[in-house]
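Trainee: Hi! Could you walk me through this one?
Mentor: Happy to, let's look at it together.

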Amino acid sequence: MTINVNPPVAADTQQQMGPQDYIRRSASTVPEPARKLEAVAKLIDVSKCIGCKACQSACLEWNDLREEVGVNVGVYDNPHDLTPNTLTLMRFTEWVNDENGNLEWLIRKDGCMHCSDPGCLKACPAPGAIVQYSNGVVDFVKENCIGCGYCVQGCPFNIPRISKVDNRAYKCTLCSDRIAVGQGPACAKACPTKAIVFGTKEEMKAHAANRIEDLKSRGFANAGLYDPPGVGGTHVMYVLHHADKPTIYAGLPDNPRISPVVEAWKGVTKYAGLALMGVAAAAGVVHMAISGRNRVTVEDDDEARRLTAQAPGAQPLDPDKEPMA
Amino acid sequence: MSEAAIHDSRRPVPPVSKKDLDRGDRLLLGREVVVNRYTRWARINHWITAISLILLALTGLALFHPSLYWLTGLFGGGQFTRMIHPWIGVVLFFSFAGLFVRFFRLNLPAREDAQWTARIGDVLKGNEEKLPEIGKYNAGQKFVFWAMSILIVTLIISGLGVWEEYFSDLLTIPQRRVAVLVHSMAAVAIICVWIVHVYAAFWVQGTLSAMTRGKVTGGWAWRHHRKWLRALAAYGQRDDVTPGDKR
């Protein structure tokens, strides 16, 4: 695979990736795959983006999605947020650079980052609803999705959206269906400035290095690659002219990682919880075995009769309802 | 009372009052002594709560640990399990609220609770004669009652926060992470409390009939809730019982 090449797909084209390439599968395990695909990545060069939204359109078109007609609230973001239909979104930020007083228009194409350590997959309770391929693609399998929203809690980037129509989660697939037949993602194909390029992760890192060198020569001393190590690196990377402060790009997290709360929930709570319930039940079995049932004795019944013999307000017992002796 | 003291001189006979009785508690004398412990409506209320709690545990555990995901098969799959769980939670919340109103007064702490708790070893050994005389509920039952109350409030609040279908905008994502963690921990706790509750009901022979037919034997009341039986022996029933409240 090379940068932004989209060869024609012949009729006899074979699928180059499939379930045999899963390295992770939510709420279940997968056998060690027999082969390992080369890691792929999409590189988004923010400095080359002109905000045309061709990528957004290409995404809608390839995935056959429609977005509702929205309302203009005075910003370029359209729609205003990612939705179950808008899997990628241009986010526009007007930022004043304190060093030189320049107003900079930062445009970031938001969407799934395809983390190497995906929080969505970790949080997902439905077997096989989220899968990760050995080339790094993290994909949602909607047939297995139950719509619980745990992936939303798990994601460090606030990406998945749950459809109110079919109660299933949606996000960028990295065009896994295109990658499987040797194509690049639709957004990369559509990008007129080649701000979005796609290839192997190594190629993309090398390409980014050239771009960063160029940006530094133009005065962006802090230009750099966004490939956050907190999530094991990502398979969607950014070239940022201000890589020292990612958060200025519409809230791109400075150091994303799976939240410790999610780790606690999906780690110790899950195992300790089951163990605790097991111990409680086992304690009952052991106690019953040791002490036997706590039985009422004949003497207890006699005492009760004696105590209550003269009780005022008592009612006669229907002889049919006498307890068994 | 002096008569009772002769039969059991090891323990002081506690003073009793009508306040030790619930509406519907009633002494029935025949060849054997029988005590009405729970009214029909209290029992219906209890079993709605119980069924809800069991369904919630099954649907919740299915989404709690992958090894239990197969439980979704009992409910027609993951989507339906995800959909029905919060609604059952709503039913449980209101159903338990009914139980709370019915039971909370006699579950308030009493002097003998500390002594009972301090002798938990004798409780577990079944050495009833070493325990203080107990009213309608012992400290263990009170623990279950209050633990259930606190945990159900915790579960409904945290549960609403992560009810994706209707309340996905109620909390921020970091808040929802905390809510779902709290929800799962509270769920583990309430299942453990439930195990204690069910086990105790089986272990103490003669208890189940209180929630099935509403009655216990006099011997059971004498053995486990003697202060309550003494109040019944002294008054037979609460005065404010109307004929309509039968059983």
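Mentor: First a term: a residue is buried if 20 or more other C-beta atoms, placed from the backbone, lie within 10 Å of its own. This is a predicted model, where local features need pLDDT of at least 70 and side-chain atom pairs count only at pLDDT 80 or more, while totals for chains, interfaces and linings use all residues. Residues are numbered from 1 along each chain as its sequence is written, with chains lettered from A and ligands numbered from 1 in the order in which they are written.

Trainee: Okay, which residues of helix H1 in chain A are buried?
Mentor: Cys55(A), Gln56(A), Ala58(A) and Cys59(A), in a helix that spans residues 54-62. Helices here are DSSP runs of H or I with at least four residues, and strands are E runs of at least two, numbered from the N terminus.

Trainee: Why are they on the same side of H1(A)?
Mentor: Because they cover an arc of only 165° around the axis, taken from the directions from the helix axis to the C-beta atoms.

Trainee: And what do they pack against?
Mentor: Strands S3, S4 and S9 and helix H5 of chain A. Contact means C-beta atoms within 7 Å.

Trainee: New topic: how many residues of chain A are in contact with chain B?
Mentor: 54, and they meet 60 residues of chain B. H8(A) gives the largest share of chain A's side, 12 residues.

Trainee: Which strand of chain B does S12(A) pair with?
Mentor: S1(B), in the parallel sense over 2 bridges; pairing needs at least two DSSP bridges. Gln315(A) stands opposite Leu28(B) there.

Notes
Two residues are in contact if their C-beta atoms, placed from the backbone, lie within 7 Å. A residue is buried if 20 or more other C-beta atoms lie within 10 Å of its own, exposed if 12 or fewer, and partly exposed in between; C-beta atoms are placed from the backbone.
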